[in-house]
Amino acid sequence: MASFSSEDKKWMRAALGLARRGLGQTAPNPSVGCILVRDGIVVGRGNTQPGGRPHAEVVALRQAGTKAKGSTVYVTLEPCSHYGKTPPCSEALINAEVVRVVAAVDDNDARVSGTGLKMLHEAGIQVDVGLFSEEALELNRGFFLSNTDARPEFSIKVATSLDGKIALVSGESKWITGSEARRYGHMLRAQHDGILVGVNTVLADDPSLDCRIDGLEDRSPVRIILDSEYRTPVSSKLVQSSSQRDLYVLGGKQNSNARNLAKAGAKIIELPTSGDMQAIGSALSDVGLRRILVEGGGQVYASFLKANMCDTLYHFQAGKLLGAESKNGIGELGLAQLSSSPHLKAQKVLSVGDDMLTIYKKPE
């Protein structure tokens, strides 16, 4: 294990901060940050650009120019080594004559998987790996999962009352939480590749599922509907806006309304078995999505929890009580014993306006 200095830690933290800027914008590629430092001065910095190219290393090298020679590179993921739509970043770093590369974590893409670091080492460049690896893994969890489990990272966002309710028996739910919590939720949308809901949410609310933060409207992700029988109305906001932002409808064998949805601009994904959560994950990974925010409803939440496919849970809780007659935040789990209940680990508790946000992670 390499020994890292306080300077190494400072620059890698900065590189991780750069990488976070690209979350929700770089799929199917990971969001990477890169900083070039020579004689204690930053000579180049960059993060993966929207659409996944150019890569962070290329952006940083372009900014540094000839000053890259003799520099140390801090990068949050192993530089790529394969020829795709662009030449490999490892080759670019070698050509720039950098002297050291500090990488947070290896790339588990089979096309790379250590070969980028090997290229650098064989070129005489000092290579040190593992600085803030846990943070780097968490940041690009969806990218790593796409390579190991053939699925994106799924995060559930749910807003409930103190007694775990999401709506009155009449269906009224606007608004359980306050404006600050809702703004935080829109920021989460901007950091994900897609927003997923069930068809019952579409039928009940006719949502737009966009990012409504001034200046971030263009960071609204694609929309995804789980709709086994293709009940989504062609007149819905999601379908009517599908020419501006992609809409995926995942269902069973296509029927006439599926064909109508396709004509209106929706992208239909026919699943071999309705409700197969692994197939849903695989289908969304296949179209290049890496980070999915699940926004309802209760039975959709339950399906992801039962399948052990909730990687992060954002639970917004308002200081309100709605009573037993109101609608539960989580649908039926079909538990026969307490030991079978889905278990998540609390990571952080935040005060958001008048509400509380608890962030849970799936235990390793």
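The structure, a predicted model, holds 1 cavity of 30 Å³ or more. The volume of this largest cavity is about 80 Å³. Its lining comprises 16 residues, of which Thr26, Asn29, Asn140, Arg290 and Arg291 are the closest to the centre. Helix α6, spanning residues 141-148, contributes the most to the lining of the largest cavity, namely 3 residues. Sorted by class, the lining of the largest cavity consists of 5 nonpolar, 7 polar and 4 charged residues.

The description now turns to the sheet. Five strands form an open sheet with mixed pairing, in the order β2-β1-β3-β4-β5. Strands β2 (41-47) and β5 (126-129) are the edge strands, each pairing on one side only. On average, neighbouring strands of this sheet are turned by 15° against each other, direction ignored.

Strand β1, residues 33-38, pairs with β2 in the antiparallel sense, and 6 bridges connect the two. Within this pairing, Ile35 is placed opposite Arg45 of β2.

Helix α1 packs on the sheet, where it touches β1, β2, β3 (72-75) and β4 (100-103). Helix α2, in turn, lies across β1, β2 and β3.

| Helix | Residues | Strands concerned | Angle |
|---|---|---|---|
| α1 | residues 6-21 | β1, β2, β3, β4 | about 145° with β1 |
| α2 | residues 56-64 | β1, β2, β3 | about 140° to β2 |

Definitions and conventions
Residues are numbered from 1 along each chain as its sequence is written. This is a predicted model: local features need pLDDT of at least 70, side-chain atom pairs count only at pLDDT 80 or more; totals for chains, interfaces and linings use all residues. Side-chain values use heavy atoms; hydrogens and water are left out. Two strands pair if DSSP finds at least two bridges between them. Helices (H or I, at least four residues) and strands (E, at least two) are DSSP runs, numbered from the N terminus. Axes are lines fitted to C-alpha atoms, for helices over the stretch in contact, and angles run from 0 to 180 degrees between N-to-C directions. Contact means heavy atoms within 4.5 Å. On a 1 Å grid over the protein atoms alone, a cavity is a set of points where a 1.4 Å probe fits but cannot get out, and a pocket is an open set with protein on both sides within 12 Å along at least five of seven lines; lining residues have an atom within 4 Å of a point. Grid points are joined across faces, edges and corners, and a volume is the space filled by probe spheres set on the points. Ala, Val, Leu, Ile, Met, Phe, Trp, Tyr, Cys and Pro count as nonpolar, Asp, Glu, Lys and Arg as charged, and the others, Gly among them, as polar.
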